[in-house]
Amino acid sequence: MGRRRGIMSEGLKEELAKELGFYDVVQKEGWGGIKARDAGNMVKRAIEIAEQNLLNNRR
């Protein structure tokens with residue numbers, strides 16, 4: 001079984017990491033250097049943005 005390809009673009013991930021305050025870790029150590037909590041918060045924030053976009057597109 002191979003690794004799954006990520007769904008989020010690199011640009012979105014970088015934007016979220018900057019917003020959440022751990023982009024410096026990504027720059028120094030790569031994505032593998034972030035904490036599981038930070039990764040979870042990044043996914044949570046991406047879902048919030050997607051839900052907000054859905055609501056705005058319905059209007």
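This report walks through the salt bridges of a predicted model.

## Charged pairs at a glance

Side chains of opposite charge can pair when their charged atoms come close. In this structure, there are 3 salt bridges to look at. Let's take them one by one.

## A pair within helix α1

Start with helix α1, which spans residues 10-20. Here the side chain of lysine 13 meets that of glutamate 10 in a salt bridge, with 3.0 Å from N to O. The two residues are 3 apart in the helix, so about one helical turn separates them.

How accessible are these partners? Lysine 13 has a relative accessibility of 18% and counts as buried, because the cut-off for buried is under 20%. Glutamate 10, at 41%, counts as partly exposed.

## A link between two helices

Next comes the salt bridge of glutamate 19 with arginine 45, whose closest N and O atoms are 2.5 Å apart. This pair links distant parts of the chain: glutamate 19 sits in helix α1 and arginine 45 in helix α3 (residues 36-58), 26 residues apart.

Glutamate 19 is partly exposed at 44% relative accessibility, and arginine 45 is partly exposed too, with a relative accessible area of 26%.

Glutamate 48 has 38% relative accessibility and counts as partly exposed.

Taken together, Glu19, Arg45 and Glu48 are linked in a network of salt bridges.

Methods
Residues numbered from 1 in each chain as written. Predicted model: local features only at pLDDT ≥ 70, side-chain atom pairs only at ≥ 80, totals over all residues. Heavy atoms only, no water. Salt bridge = Lys/Arg side-chain N within 4 Å of Asp/Glu carboxyl O. Helix = DSSP H or I, 4+ residues; strand = E, 2+ residues; numbered from the N terminus. Buried < 20%, exposed > 50% of the residue type's maximum accessible area, 1.4 Å probe, protein only.
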